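Please look over the sequence and the model shown here. A short report on selected local features comes after them.

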Amino acid sequence: IRKVVPYTPGEQPKNTCVIKLNTNENPYPPAPGVKEVLSNFNTDDLRLYPDPRVDKLVNAIADFYKIDSSKVFVGVGSDDVLAMIFMTFFNSKKPILFPDITYSFYDVWADMLRIPYEQLPNPNAPTGKLMPLDEIEDIIEHNQDVIVVVDEAYVDFGGESALPLIDKYDNVIVVQTFSKSRSLAGSRVGFAMANPVLIKYLNDVKYSFNSYTMDRITIEAATAAVKDRAYFEETTAKVIKTREWTKTELKRLGFTFCDSKSNFIFAKPANVSATKLFEDLKADNIFVRHFSSPERINDYLRISIGTDEQMHTLIKFLENY
C-alpha cells in the first residue's frame with residue numbers, strides 16, 4: 001500500500017448562494033463559442049475514443065501563441081501536465097528544488113513518486129507576487145544541466161511569460177492553464193510549451209500512462225475558448241481592473257499584502273486573526289481561503305477576485321466588521 005499525504009483542494013460549498021472567492025476561479029463565463037460548441041455537440045461521437053494527440057487543441061494553442069505545434073503538450077488541467085513533467089524528467093538521485101511556500105501539490109507529487117526534493121525559503125504562490133522575467137532567466141541560465149519548469153497559472157493577469165525563452169534555452173518548460181484566464185476550471189485543460197524534444201518525451205510518458213486523457217467535449221470546448229482572443233483579453237482586463245480597485249479598498253481598511261499580479265490578493269488583516277475573519281466571512285456566506293500552515297502564512301487570507309458586485313459586497317462586510 002502506498003501511503004501519501006494528499007493535496008487539499010479549496011472547499012467547494014454545496015450551497016450555491018454564496019460569494020465564492022476561495023479557489024481562484026474566473027468570475028466570468030467561458031467564451032461564447034464554448035456554449036455554442038456544447039449546444040451543438042453530436043453526442044453520437046462519444047462512442048468513439050478521442051484523438052490521443054489532441055491535434056485540434058494543440059494546433060489552436062500553437063496558433064494563439066505563434067509557435068509550432070511540435071512545441072505544445074496538453075493535459076487534463078495543468079496539474080496533469082505538471083505530474084507528467086515530474087514523471088518524465090525527475091528521475092535522478094539529485095533533488096528537485098522548489099520554494100517552501102508555493103503550490104502545495106509539488107511536494108505531494110515528489111513524495112508520491114519517491115523523488116528527492118529540497119524546499120528553499122522563498123514565498124511563491126500563494127502570495128500573488130510576480131517574479132520578473134530577468135530573475136527567471138537567471139535561474140535558467142545557471143541551471144542548464146537540468147529541466148527548469150515555469151508554472152504560469154496566473155501570468156495572464158499582468159505577468160510577462162517566459163515563453164520566448166523556450167527557443168533560447170533547451171531546458172525550459174512553460175506551463176499554463178485554462179482554469180483561470182479562460183474560465184474552464186470545470187473542464188480541466190492545461191498545457192506546456194517547450195522545445196520539440198522535451199514535448200516528445202512528455203508525450204512518450206503520457207502514452208505509456210493513459211493515451212486518451214482528454215475527452216471529445218473538452219477538446220471542442222477548449223479549442224473554442226482559445227480561438228476567441230478578444231473575449232480572453234476583455235475578461236482578463238475586467239479582472240485586473242477589479243483587482244486594482246480591491247487593493248485600494250483593502251489598503252484603506254488596514255490590510256497589508258504584496259502587490260498581486262494574479263487573480264487573487266494574499267492579504268493580512270490589521271486587527272483580527274486571519275482564522276477568525278475566515279470563519280466569520282464563511283458564516284456570512286463569503287468563502288475565501290486560509291492556509292493554517294506553514295506558520296509564516298497563517299496570518300493571511302487568499303481572496304480571489306470576483307465580479308465588481310461580489311467585491312463590493314466583501315468590502316462592505318469588512319467595513320462593518
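This is a predicted model: local features need pLDDT of at least 70, side-chain atom pairs count only at pLDDT 80 or more; totals for chains, interfaces and linings use all residues.

Residues are numbered from 1 along each chain as its sequence is written, and side-chain values use heavy atoms, with hydrogens and water left out.

**Helix packing**

Helices (H or I, at least four residues) and strands (E, at least two) are DSSP runs, numbered from the N terminus. Start with helix H1 (residues 32–40) and helix H8 (residues 216–227). Their axes come within 7 Å and cross at roughly 150°. That makes H1 roughly antiparallel to H8 (angles over 145 degrees count as such). Axes here are lines fitted to C-alpha atoms, for helices over the stretch in contact, and angles run from 0 to 180 degrees between N-to-C directions. The crossing of H1 and H8 is right-handed, meaning that the near helix is turned clockwise from the far one by less than a right angle.

Which residues of H1 meet H8? They are Gly33, Val34, Val37 and Leu38. On the H8 side stand Ile217, Glu220, Ala221, Ala224 and Ala225. By class, this contact of H1 with H8 has seven nonpolar, one polar and one charged residues. Ala, Val, Leu, Ile, Met, Phe, Trp, Tyr, Cys and Pro count as nonpolar, Asp, Glu, Lys and Arg as charged, and the others, Gly among them, as polar. Contact means heavy atoms within 4.5 Å.

Helix H2 (residues 55–65) has buried residues too: Leu57, Val58, Ala60, Ile61, Ala62, Phe64 and Tyr65. Buried means under 20% relative accessible area, exposed over 50%, and partly exposed in between (1.4 Å probe, protein chains only). The buried residues of H2 pack against several elements, including strand S2 (72–75), H8 and helix H9 (229–252). Lys66 follows H2 and has a positive phi, near 55°.

Glu249 lies in helix H9. Glu249 is buried, with a relative accessible area of 14%. Leaving aside neighbours within four places in sequence, Glu249 is in contact with Ile315 and Glu319.

Thr23 sits in the loop between strand S1 (19–20) and H1. Thr23 counts as buried, at 15% relative accessibility. Beyond neighbours within four places in sequence, the contacts of Thr23 include Gly10, Lys180 and Arg302.

Both side chains make polar contacts, listed below. A polar contact is a pair of N or O atoms within 3.5 Å; within protein, one must be able to donate a hydrogen and the other to accept it, and residues adjacent in sequence count only if both atoms are side-chain atoms.

| Side chain | Partner side chain | Distance |
|---|---|---|
| Glu249 | Arg252 | 2.5 Å |
| Thr23 | Lys20 | 2.6 Å |
| Thr23 | Glu25 | 2.8 Å |

**Backbone exceptions**

Most residues other than glycine have a negative phi, and most peptide bonds are trans. Arg114 is not a glycine, yet has a positive phi of about 60°. Arg114 is exposed, at 52% relative accessibility. Arg188 has a positive phi near 65°. Arg188 is partly exposed, at 28%.

Where do the cis bonds fall? The bond from Ala125 to Pro126 is cis, with omega near 10°. Pro126 lies in the loop between strand S4 (117–120) and helix H5 (133–141). The bond from Ser293 to Pro294 is cis, with omega near -5°. Pro294 is in the loop between strand S11 (289–290) and strand S12 (301–304).

Note on methods: Angles under 35 degrees count as roughly parallel, over 145 as roughly antiparallel, 65 to 115 as roughly perpendicular and the rest as oblique.
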